[in-house]
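Me: I would like to learn how to read a protein model. Could we go through one feature at a time?

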Amino acid sequence: GETICRRGVHEDCMYMVVSGRVEEFISGRRIMLVEGQGFAEEAVLDDSPCSCTVRALERTRLLALDRHDFQALMEREPHWKAEIEAALNARRFQGRA
């Protein structure tokens, strides 16, 4: 499958899976992400490099959300930021388990 983002590279947006499946490689582990799940959140949360490599497993549609759009969304829906941070931290922890 096509590589969407690579660990250690600064992305300019985060992605949400609209359809299809992707696999995220983090700390030597593979995590499957499906419709409604996101990745590369670091790009919009704190401008840090991507903590994982993500590859499409099949034909996949993604929604890209850049930092500007993310900030505007967080002004309208501030509780989402905490949810996104929690999901990112859970996947980081899962990758270390």
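Me: Let us start with one residue. Is Arg55 buried, partly exposed or exposed?
Reply: The model is a predicted one. Buried means under 20% relative accessible area and exposed means over 50%, with partly exposed in between. Arg55 has 30% relative accessibility, so Arg55 counts as partly exposed.

Me: With which residue does Arg55 form a salt bridge?
Reply: A salt bridge needs a side-chain nitrogen of Lys or Arg within 4 Å of a carboxyl oxygen of Asp or Glu. Arg55 forms one with Glu23, where the closest N and O atoms are 2.0 Å apart. Arg55 lies in strand S6 and Glu23 in strand S3, so the pair ties together parts that are 32 residues apart in sequence.

Me: Is Glu23 buried or exposed?
Reply: Glu23 is buried, as its relative accessible area is 1%. Glu23 also meets the side chain of Arg30 in a salt bridge of 2.9 Å, N to O. Arg30 counts as exposed, at 54% relative accessibility.

Me: How many salt bridges does the structure hold?
Reply: The structure holds 4. One of them joins the side chains of Glu58 and Arg21, at 3.2 Å from N to O. Glu58 is in the loop between S6 and S7, while Arg21 is in the loop between S2 and S3, 37 residues apart. Glu58 is partly exposed with a relative accessible area of 38%, and Arg21 is partly exposed with 32%.

Me: Now the sheets. What holds strands together in a sheet?
Reply: Strands pair through backbone hydrogen bonds, and they do so either parallel or antiparallel.

Me: What is the strand order in the open sheet of 3 strands?
Reply: The order is S5-S2-S7, and the pairing is antiparallel. Strand S5 (38-39) and strand S7 (61-66) stand at its edges, each with a single partner strand, so one side of each is left without a neighbour in the sheet. Strand S2 (residues 13-19) is joined to S7 by 6 bridges; Ser19 has Arg61 as its bridge partner in S7. Helix H2 (residues 67-76) lies across S2 and S7 and runs at about 80° to S7.

Me: Finally, how many helices and strands are in the chain?
Reply: There are 3 helices and 7 strands. Along the sequence, the pattern is β-β-β-β-β-α-β-β-α-α. The radius of gyration is 13 Å, close to the 13 Å that the globule rule gives for 97 residues, so the chain is as compact as a globular protein of that length. Of the 97 residues, 35% count as buried.

Key
Residues numbered from 1 in each chain as written. Predicted model: local features only at pLDDT ≥ 70, side-chain atom pairs only at ≥ 80, totals over all residues. Heavy atoms only, no water. Pairing = 2+ DSSP bridges. Helix = DSSP H or I, 4+ residues; strand = E, 2+ residues; numbered from the N terminus. Contact = heavy atoms within 4.5 Å. Axes fitted to C-alpha atoms, helices over the stretch in contact; angles between N-to-C directions. Rg over C-alpha atoms; globule rule 2.2 N^0.38 Å. Buried < 20%, exposed > 50% of the residue type's maximum accessible area, 1.4 Å probe, protein only.
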